[in-house]
Amino acid sequence: MLTTNGSLPLTPGSVGPTLGPTYFSAFGVDERLIREALSAALSRGGEYSDLFFQHRVAHNFVLEDGSVNRAFKGTELGVGVRVVKGDQTGYAFTEDLSLESIREAARTAATIAEGAQREAPERFHVTSGLPSRYATERRWDHVRPEEKLPLLTGLNDRTFSMNPAIRKVNITFGDEMSAILIADSLGRIVEDIQPMTLLYLSCVAEKNGEREQNTYGVAARKDMSFYSKDRLDLMVQEAVDRTMILFDAVQPPAGEMPIVLGAGASGILLHEAIGHGMEADFNRKGTSIYADKIGKKVAHPFINIVDEGTEEGARGSINIDDEGNAAGRTNLVEDGVLTTYLHDSISAKHYGVKPTGNGRRESYQHPPMPRMRSTYMMPGPHKKEEIIASVKKGLFCTNFTNGQVQIGAGDFTFYVKNGYLIEDGKLTRPIKDVNIIGNGPKVLERIDMVADDLAIDQGGWTCGKDGQSVPVSQGIPTVRVSSITVGGRSDRS
Amino acid sequence: MSPQETVGEEFREIARSAVTTAQQVGAQEVAARVAKVREVGVQWRDGQIEQVTESTTRGLALSLYVDGRFASVSTSDLRPEAIAPFIADAVAMTRTLSEDPFRVLPDPTLYANRPDLDLEFADADYKNLSAERRRDLARTIEAAARAVPGAERILSVTTSVSDSRSEMFRITSNGFEGERIDTSFWLSGSVTVKDSDGRRPEEGDFAGGRFVRDLGDPGRVGESSAHRALARLGSSKAPSRVMNLVLDNRASGRLVGALLAPLAASSIQQRRSFLEGRLGETVGSPLLHIDDDPLIPKGFGSRHFDGEGISARQMPIFEEGVLRNYYVDTYYGRKLKVPPTTGGSSNLSWALGPESQAGLIADAKEGVFVTGFLGGNSNGTTGDYSLGVQGFMIRQGALAEPVAEMNISGSQLELWKRLVGVGNDPYPYSPLRTPTLVFEGVSFAGV
């Protein structure tokens with residue numbers, strides 16, 4: 001049985017004979033198949049090879065115009081075969097788990113190398129005692145729709161009753177069960193079952209002939225117990241408040257000014273300004289603006305930035321990465337000094353360091369690469385109130401929809417959906433719909449106040465890179481950036 | 001589709017038997033789609049292969065109409081012993097939902113009059129592109145990039161050669177049957193250069209087509225990638241002010257996409273569109289003149305029928321600034337009580353102007369030539385937008401210093417009325433086929 005805690009079927013510290021695959025044995029995956037597949041993968045002398053089996057079952061239920069009137073279900077089953085030689089990668093996958101089909105994919109991936117057959121491992125060791133960071137009572141694919149649907153209808157009714165200006169409510173509930181098995185030419189086999197759920201509540205309101213729309217969403221690697229009454233109350237309140245305040249909001253003026261970023265979702269700044277640039281593949285290739293900055297001072301000494309996969313139930317948490325490596329905590333910036341890149345096994349080997357557990361992939365259809373998990377800044381010495389009071393004319397930003405970065409030039413953006421003008425140290429008029437653009441290293445230097453109120457945002461953040469999407473988390477305490485370009489409206493011609 | 005190629009019988013059989021199975025377990029109406037996509041890619045970096053990928057993905061997708069309820073499901077697990085329980089579970093899931101009287105298959109009369117012209121989707125020579133040829137193309141792009149003047153500033157060159165072939169067969173229980181085979185081939189180059197202040201700007205270019213022989217010149221892709229990257233050296237921020245905006249045809253898709261999204265009937269019906277209620281109204285300058293044209297040979301958005309099976313036809317979207325049509329699918333059409341047109345855009349066909357990009361830049365005299373967007377968003381409900389931009393200052397009708405880390409902001413309703421120039425250069429590598437566009441009075445944020 002492996003349904004009780006959603007992580008590994010093996011108990012921590014279990015010893016004894018190799019048990020082989022557990023979840024995937026139902027799909028005919030055993031050590032013999034793994035050995036023969038790896039043998040084909042190494043047939044032309046690849047230095048390393050791994051297999052990534054995945055079975056994923058995902059559901060979406062959508063409420064629109066008052067009823068849950070559509071559902072989507074997707075099932076994916078497949079295996080990706082990777083062969084590595086130095087920095088070079090061969091990759092192929094198949095959705096047919098027969099030995100014949102996997103062997104064909106393996107021979108395709110093998111062509112990255114040109115040498116003599118290397119032997120596949122004689123024996124395999126099943127990694128046991130993995131952490132349990134997303135224990136669930138039941139797997140999501142075992143929860144019946146009838147248990148999920150009242151969540152949506154309840155939220156809909158409460159949202160409409162909150163304010164007569166609400167015209168439309170859209171709610172999407174999603175859940176996912178992803179079972180993975182990684183087996184490699186070092187003889188490792190490891191399995192994990194990764195749950196995910198998300199809930200988005202979006203509303204449209206009308207007032208004096210004007211219309212505004214906003215969304216509030218949450219996501220976690222948790223089960224139904226995530227949706228507590230308190231959380232649902234907060235969702236309704238936030239979705240309505242964030243929409244209604246837009247009627248009083250303006251696009252702010254254009255140009256450089258100080259901004260204060262509220263605790264939590266503002267972590268998007270770290271994701272774009274430094275996180276991507278610290279992914280080791282860009283640095284190995286010399287294409288990141290941080291490529292020669294390890295050991296250098298990049299920020300005030302009270303600034304510490306980490307990326308970790310360990311927080312219980314967080315969207316960005318993982319027990320192991322998609323190369324089977326432990327996913328602990330990585331310090332990007334310690335006391336203002338740039339310390340460690342985010343590594344997958346290829347970059348770790350390139351730099352001669354241990355992998356940091358950042359090798360992630362969207363699915364069996366893609367090779368892994370260095371990716372963030374949960375990226376945040378540690379608390380600092382200041383207070384939120386003193387930070388806001390310090391700004392004469394600027395912005396206070398609280399909610400965001402999206403961001404983007406140019407790894408090499410360092411320019412990055414994030415889009416502010418809600419916030420306020422700060423005038424003479426006080427929050428005044430609400431603002432909306434403004435893009436903020438800065439340069440990563442310059443903005444890091446300009447984070448000159450950090451509060452003690454760290455919050456990890458629970459939104460459904462998804463990070464895209466080279467066509468692959470992975471779930472991530474982010475967080476930050478309230479901080480001040482002394483100057484950055486606000487893409488507001490200019491009236492100067 | 002090419003007349004000589006049709007999808008395999010085994011393929012059709014998976015779809016047909018899925019429809020039968022779904023009906024046996026209680027679905028009244030069903031649409032089934034089976035697709036298979038083969039993709040091959042070579043990524044090359046700094047003198048050697050970085051990555052080779054090769055894959056074939058396949059899947060079955062079903063739309064189920066069960067007792068007035070609707071769900072849509074997909075699976076890549078096509079083992080016969082897996083498909084039947086998958087469908088039974090999906091039908092059971094559909095029964096748990098609320099009834100939805102608006103959810104039906106399209107009126108079968110909309111399947112009629114399917115155009116039968118050859119849209120030249122599929123290259124029969126697809127398999128003739130060898131691994132060696134791909135490698136040579138990738139190597140040639142890098143060599144060309146490294147041969148341009150100023151190449152000593154280049155830190156890294158990544159190139160790629162990729163191609164795909166997809167097969168699709170779709171059938172519905174109310175009489176639709178359609179199939180499609182298409183191919184595409186792409187070359188790309190991406191060049192990172194070292195700036196004097198430590199920045200490492202990256203730029204690139206690409207080219208492609210539906211046929212191997214349309215792949216384009218790898219040397220030109222390499223040169224253009226290097227020129228574009230080197231032109232970014234020494235970029236700075238300009239002061240915040242209202243200026244002319246000349247938008248590179250390669251970049252303008254981002255802005256045009258933001259104009260198209262609010263035209264979807266789902267956005268109209270859900271009151272999330274600033275273009276609701278504006279059919280027949282002037283929403284742009286007379287230069288905003290766009291048809292939706294699904295019948296352009298080799299077009300990346302071309303099709304004989306849309307995702308629901310509705311036969312393709314040309315349709316005006318904007319005529320001299322006046323909004324003429326929304327993108328209406330069957331479901332939201334019924335909710336809005338209007339007839340369906342088609343659920344989404346195919347190719348755009350613009351009324352082109354007489355001038356080249358260089359001519360438009362010369363005419364603009366002063367302003368910013370925007371070559372790329374970075375992040376930002378557009379609020380489809382209100383029309384407010386705010387987008388990061390980079391490009392070059394235009395001074396005395398010529399391109400001057402590079403600018404970056406800037407933004408444009410405003411309202412789309414104002415912006416499209418300020419469209420004062422349309423080029424003669426529709427961008428060939430996107431279904432939006434956007435020419436160079438010129439807007440006056442755009443608010444830029446910088447220093």
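**Strands, cores and contacts**

A: V306(A) stands opposite Y376(A) in β14(A). The model is predicted, and local features require a pLDDT of at least 70, side-chain atom pairs count only at pLDDT 80 or more, and totals for chains, interfaces and linings use all residues. Residues are numbered from 1 along each chain as its sequence is written, while chains are lettered from A and ligands numbered from 1 in the order in which they are written.

Q: Why are β11 and β20 of chain A placed at the edges of their sheet?
A: The open sheet has six strands in the order β11-β10-β9-β14-β23-β20 (chain A), with mixed pairing. β11 (337-338) and β20 (455-456) each have a single partner strand, so one side of each is left without a neighbour in the sheet.

Q: What makes β16(A) and β17(A) a hairpin?
A: These two strands pair in the antiparallel sense over four bridges, and two residues lie between them. E423(A) stands opposite K426(A) in β17(A). In the turn, D424(A) has a positive phi of about 50 degrees.

Q: Why does A229(B) count as buried?
A: A residue is buried if 20 or more other C-beta atoms, placed from the backbone, lie within 10 Å of its own, exposed if 12 or fewer, and partly exposed in between. A229(B) has 28 C-beta neighbours inside 10 Å, and therefore counts as buried. This residue is found in helix α4 (residues 218-230) of chain B.

Q: Which residues does A229(B) touch beyond four places away in sequence, and how is a touch defined?
A: Contact requires C-beta atoms, placed from the backbone, within 7 Å. On that basis A229(B) touches V191(B), T192(B), V193(B), P201(B), E202(B) and E203(B).

Q: What makes a set of residues a nonpolar core, and which members of the largest one touch the most others?
A: The set must consist of buried Ala, Val, Leu, Ile, Met, Phe, Trp, Tyr and Cys residues joined through C-beta atoms within 7 Å. The largest such core has 122 residues, of which I259(A), L395(A), L245(B) and V246(B) touch the most other members. Strand β16 (residues 411-423) of chain A gives the most to this core, with seven residues. Apart from it lies another core of 67 residues, including Y91(A) and F124(A).

Q: Why does the radius of gyration of chain A agree with that of a compact globule?
A: The radius is taken over C-alpha atoms, and the globule rule is 2.2 Å times the number of residues to the power 0.38. For 493 residues a compact globule would have a value near 23 Å; chain A has 24 Å, which agrees.

Q: What is the confidence in chain A?
A: Chain A averages a pLDDT of 93, and 96% of the residues score at least 70, where pLDDT is the predictor's confidence in each residue, from 0 to 100. Over residues 1-18 of chain A the pLDDT is below 50.

Notes
Two strands pair if DSSP finds at least two bridges between them. Two residues are in contact if their C-beta atoms, placed from the backbone, lie within 7 Å.
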